[in-house]
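Let's take a walk through this model together, one region after another. Please keep the viewer open while you read.

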Amino acid sequence: MSAAVGHDGDGSLFRSSATAFEAAKAEGRGALVGYLPVGYPSVAGSLEALRVLCGADGATPGVDLVEIGLPYSDPVMDGPVIQRAGTRALQRGVRTADVFAAVEAVRAAGRPAVVMTYWNLVDRYGADAFARDLANAGGSGLITPDLVPDEAGDWLAASDATGLDRIFLVSPSSTDERVVATAAAARGWLYATSVMGVTGTRSASPTAAPELVARIRRLAPDTLVGVGLGVSNGDQAAEVTAYADGVIVGSAFIKPLLAADEAGSPDDFSGLRAVVADLAEGVRRG
Amino acid sequence: MPDPVGHFDIFGGRYVPEALIAALDQLDAEFTAASADPAFWAELDDLRRNYSGRPTPLTEAHRFSRHCGNARVLLKREDLNHTGSHKINNVLGQALLTRRMGKTRVIAETGAGQHGVATATAAALLGMECRVYMGKVDTDRQALNVARMQLLGAEVVAVESGSQTLKDAMNEAMRDWVASVDSTHYLIGTVAGPHPFPKLVREFQRVISTEIAAQTTERFGRLPDIVAACVGGGSNAMGTFADFVDNPQVALYGFEAGGEGVETGRHAASIQGGSVGVLHGMRTYILQDADGQTMESHSISAGLDYPGVGPEHAWLAATGRARYEAVTDAEAMAAFELLTRTEGIMPAIESAHALAGVIRLGQRLAAEQPDVEPLVVVCLSGRGDKDVDTAVKYFGLPGHPDVYTGGVA
């Protein structure tokens with residue numbers, strides 16, 4: 001696994017999303033990775049929410065790396081919170097191409113961006129075309145919740161051609177052989193799913209995530225590991241970054257957006273700001 | 001076919017979260033071991049014979065055949081299985097595999113409720129916990145089957161996300177499985193989903209074609225010229241085709257749900273009206289928009305109302321080995337009425353799609369080759385009791401007595 005450096009369309013440098021982990025590490029802490037879907041509460045509203053997530057409004061330090069969700073009609077890895085936001089985004093007309101504008105917004109806010117989506121949307125757009133447009137927008141890579149390296153021939157080729165990160169998932173049920181093979185196929189970092197469950201689920205076994213990270217450390221020692229699923233506050237983020245390189249948070253950022261939307265004020269990001277502040281403080285605790 | 005990792009050429013495969021790979025590998029290994037274990041097949045054969053009621057009869061439809069050109073039409077009576085459809089064939093096999101794996105809980109998705117009822121039945125038989133996911137639209141239109149599952153001790157979950165139909169029930173079952181895979185088997189009801197399900201379900205449904213071959217050989221001294229079945233996900237069709245795929249003398253016909261007509265966009269004909277994509281863990285023909293978002297399917301038949309199709313059917317269609325055609329709601333309901341009135345057999349609306357296809361095919365063949373009298377076996381995959389409400393509404397029947405007599409005014 002290597003931290004690739006490439007060039008985007010206008011010739012300026014873009015870096016692997018691993019740099020976000022490394023910069024946090026240089027500050028003696030773990031990285032905070034924040035997820036929000038493009039298109040919710042609206043396409044324009046989601047760009048504003050992403051800027052808040054990055055701390056571009058000056059209210060918080062923001063997250064270190066942004067994971068932009070591209071909503072899909074059949075998101076089998078997502079729990080009810082992300083499903084609800086994604087379904088509404090689709091009803092409100094979000095399109096695949098909107099994700100590139102979201103990437104540009106995050107880059108303009110000074111943070112690296114990766115996209116997380118289900119394989120059929122990339123497949124339909126064309127793996128090569130998606131990689132090209134993602135790289136041109138300044139994106140760092142792609143997280144593929146339903147694409148394992150075994151089926152990823154097209155994506156391995158497209159991501160090699162563009163230098164994009166390919167972030168695969170590993171799970172507590174992954175065999176040692178699969179952890180090794182997945183780490184070898186990945187670029188950037190590995191996404192460790194901390195519990196057996198979908199997004200938004202709380203950990204049933206508090207030892208599953210540290211055990212999985214310890215196993216990755218042993219089997220693929222130079223690999224950066226982010227832990228996701230089930231983290232919703234600063235205390236939990238501090239716990240996770242005590243043993244992992246980064247913590248991934250999604251549903252907790254979306255809940256205040258859903259609440260604001262349902263209260264009739266979809267452009268009220270004060271709830272989101274408070275959650276970002278709490279989590280950013282969590283990863284900065286000694 | 002498939003190759004060791006579940007590909008039928010470009011179709012099939014495993015497009016699933018990593019969290020499920022270990023369970024799919026375990027299932028594949030267990031199925032391979034069970035396949036080589038005579039005791040496994042002996043127990044399954046005993047259940048088929050003495051619990052489900054196999055072999056199912058092959059009924060010659062004399063009066064119905066008069067509407068099918070020169071074709072001699074035989075009905076493979078899967079409707080006479082315990083629980084009323086072919087679904088039990090697969091469920092009994094997978095339930096025995098579940099027990100072999102030491103798992104104590106099964107989950108299932110269901111559309112019309114036939115697979116849910118069959119799964120709840122096997123769970124009751126083997127003393128397993130059972131939860132069935134069913135789209136909210138389907139729990140409303142198939143209330144009788146919801147009650148049947150509950151009486152059998154299963155918990156029924158109405159799925160309110162997405163289009164609230166079969167595809168969303170599958171998503172929800174998949175989410176349950178990701179979180180419960182240690183103790184739970186996901187008992188998929190059709191030849192769809194990630195490897196090894198398409199292969200495994202085909203093998204448990206293969207008994208349909210094995211019996212057809214034996215029955216026509218015994219009665220007519222030969223194999224059928226044509227076998228035909230309806231195709232939603234495609235399990236009764238794969239069971240009907242399986243033993244004949246390597247024999248080019250037997251023509252294979254699959255009839256998809258054309259809804260209001262493929263040209264209207266309101267249909268469930270993934271092969272005729274869809275394109276290649278990834279859904280529910282497999283690459284196959286699906287109904288999708290320009291971005292790859294799944295489109296809603298439409299069919300009068302809840303059991304065919306699915307925007308994808310099993311990957312082996314996609315492969316058989318792409319290679320031309322099997323022929324697929326679409327049958328509209330109206331054609332299916334006309335065939336439903338015709339079989340009921342000519343043979344005294346009320347088919348499931350799913351199966352009526354295959355019957356309508358055979359009427360059209362028989363008439364076409366009679367026009368093209370007037371001297372040929374083809375022997376056609378059509379899979380009557382299920383019985384129509386569950387569809388009485390739909391049919392009464394469709395035909396505008398009063399649903400109350402035609403005449404009253406003997407009362408006091």
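Leaving aside its neighbours within four places in sequence, which residues is A:I68 in contact with? They are A:L36, A:V38, A:V99, A:A102, A:V103, A:V106, A:A113, A:V115 and A:M116, where contact means that two C-beta atoms, placed from the backbone, lie within 7 Å.

Before going further, a word on what you are looking at: this is a predicted model, in which local features need pLDDT of at least 70, side-chain atom pairs count only at pLDDT 80 or more, and totals for chains, interfaces and linings use all residues. Residues are numbered from 1 along each chain as its sequence is written, while chains are lettered from A and ligands numbered from 1 in the order in which they are written.

A:I68 also has a place in the largest nonpolar core, where A:I68, A:V247, B:V358 and B:V378 are the residues with the most contacts inside it. This core has 216 residues; such a core is a set of buried Ala, Val, Leu, Ile, Met, Phe, Trp, Tyr and Cys residues joined through C-beta atoms within 7 Å. Buried means that 20 or more other C-beta atoms lie within 10 Å of a residue's own, with C-beta atoms placed from the backbone. Helix α15 of chain B (residues 349–368) gives the most to this core, nine residues. Helices here are DSSP runs of H or I with at least four residues, strands are runs of E with at least two, and both are numbered from the N terminus.

Now turn to the sheet in chain B. Four strands form an open sheet in the order β7-β6-β5-β8, with parallel pairing; two strands pair if DSSP finds at least two bridges between them. In chain B, β7 (155–159) and β8 (184–186) stand at the edges with a single partner strand each, so one side of each is left without a neighbour in the sheet. Further in, six bridges join β5 (residues 105–110) of chain B to β6 (residues 129–135) of chain B, and B:E109 has B:Y133 as its bridge partner in β6(B).

Another helix to find is α13 of chain B (residues 311–319). Seven of its nine residues are buried, so α13(B) is largely enclosed by the rest of the structure. Among the buried ones are B:H313, B:W315 and B:L316. After α13(B) comes B:G320, with a positive phi near 85 degrees.

Finally, look at where the chains meet: the contact takes 33 residues from chain A and 27 residues from chain B. On the side of chain A that touches chain B, the largest share, five residues, comes from α5(A).

Methods: A residue is buried if 20 or more other C-beta atoms lie within 10 Å of its own, exposed if 12 or fewer, and partly exposed in between; C-beta atoms are placed from the backbone.
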